[in-house]
Amino acid sequence: RHQKTAHDHPSYFLRTIAQRVREADNWRSRIAADRPRGGKVPVVVDGNLISGEKLLGDQENEYQKHILASFPNAKAVDMEAIGLARGVYSARATRHYNAQYLVVKAISDRIHKPGNQKERDAWRNYASEVAASFAVAIAEEVLACT
């Protein structure tokens with residue numbers, strides 16, 4: 001059973017700016033952390049996010065299996081974005097207040113890979129710096145628009 005709770009969606013304006021930053025591709029120059037292994041440059045994945053109040057990290061958990069099957073196109077899961085979405089929705093007390101948000105997540109592991117704590121630990125700092133670099137570039141672009 002999926003609960004239906006009022007929440008706001010990420011801003012079209014901010015998603016448009018994020019796309020522009022992604023295409024400009026200069027945000028990667030800010031990344032100082034070493035990549036744990038060789039491979040491709042970091043990428044920005046635009047897509048749906050499963051966000052809820054339950055921790056999803058056990059691939060054998062029946063609830064998790066159900067949620068992942070219910071949203072097969074989701075790119076990631078988290079527990080934080082739903083609180084932000086609800087807060088933005090609640091803050092819209094008048095039609096003149098136009099709070100906006102965008103979720104930028106650092107992905108350091110894959111939910112379908114069992115026993116991946118070592119992978120999480122290896123990638124956490126790098127993934128966080130990648131997400132922060134992208135978010136700062138978005139913020140600078142927003143400030144340039146004002």
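**Entry 1: terms first.** I call a residue buried when its relative accessible area is under 20%, exposed when it is over 50%, and partly exposed in between, using a 1.4 Å probe and protein chains only. I take helices (H or I, at least four residues) and strands (E, at least two) as DSSP runs, numbered from the N terminus.

I am working with a predicted model, where local features need pLDDT of at least 70, side-chain atom pairs count only at pLDDT 80 or more, and totals for chains, interfaces and linings use all residues. Residues are numbered from 1 along each chain as its sequence is written, and side-chain values use heavy atoms, with hydrogens and water left out.

**Entry 2: helix α2.** I looked up α2, residues 62–70, and found Gln64, Ile67 and Leu68 as its buried residues. Looking down the axis of α2, I see these buried residues within an arc of 95°, so they line one face of the helix. (The arc is that of the directions from the helix axis to the C-beta atoms.) On the face turned away from the buried side of α2, I found the exposed residues Glu62 and Ala69. I then asked myself: what do the buried residues of α2 pack against? They pack against β1 and β2; contact here means heavy atoms within 4.5 Å.

**Entry 3: helix α3.** Next I turned to α3, residues 81–91, where Ala81, Ile82, Ala85 and Val88 are buried. Down the axis of α3, its buried residues fall within an arc of 125°, so they too line one face of their helix. I noted that their cover includes β1 (49–51) and β2 (76–78).

I also checked Ser90, which lies in α3. Is Ser90 buried or exposed? It counts as exposed, because its relative accessibility is 59%. The C-alpha atom of Ser90 is 7.8 Å from that of His7, although the two residues are 83 apart along the chain.

**Entry 4: Asp78.** I found Asp78 in strand β2, and at 8% relative accessibility it counts as buried. Its side chain is joined to that of Ser51 by a polar contact of 2.6 Å. (A polar contact is a pair of N or O atoms within 3.5 Å; within protein, one must be able to donate a hydrogen and the other to accept it, and residues adjacent in sequence count only if both atoms are side-chain atoms.) Setting aside neighbours within four places in sequence, I list Leu49, Ile50, Ser51, Gly52 and Lys105 as the contacts of Asp78.

**Entry 5: aromatic pairs.** How many aromatic pairs does a search of the whole structure find? It finds two. Rings of Phe, Tyr and Trp (its six-membered ring) pair if their centres lie within 6.5 Å; planes under 30 degrees apart count as stacked, over 60 as edge-to-face and the rest as tilted.

Trp27 and Phe134 form an edge-to-face pair, 5.2 Å centre to centre with 75° between the planes. Trp27 sits in the loop between α1 (12–24) and β1 and Phe134 in helix α4 (residues 117–145), so the pair ties together parts 107 residues apart in sequence. I noted that both Trp27 and Phe134 are buried.

Trp123 and Tyr126 are also edge-to-face, at 5.8 Å centre to centre and 70° between the planes. Both lie in α4, three residues apart, about one turn of the helix. Trp123 is buried at 12% relative accessible area, and Tyr126 at 8%.
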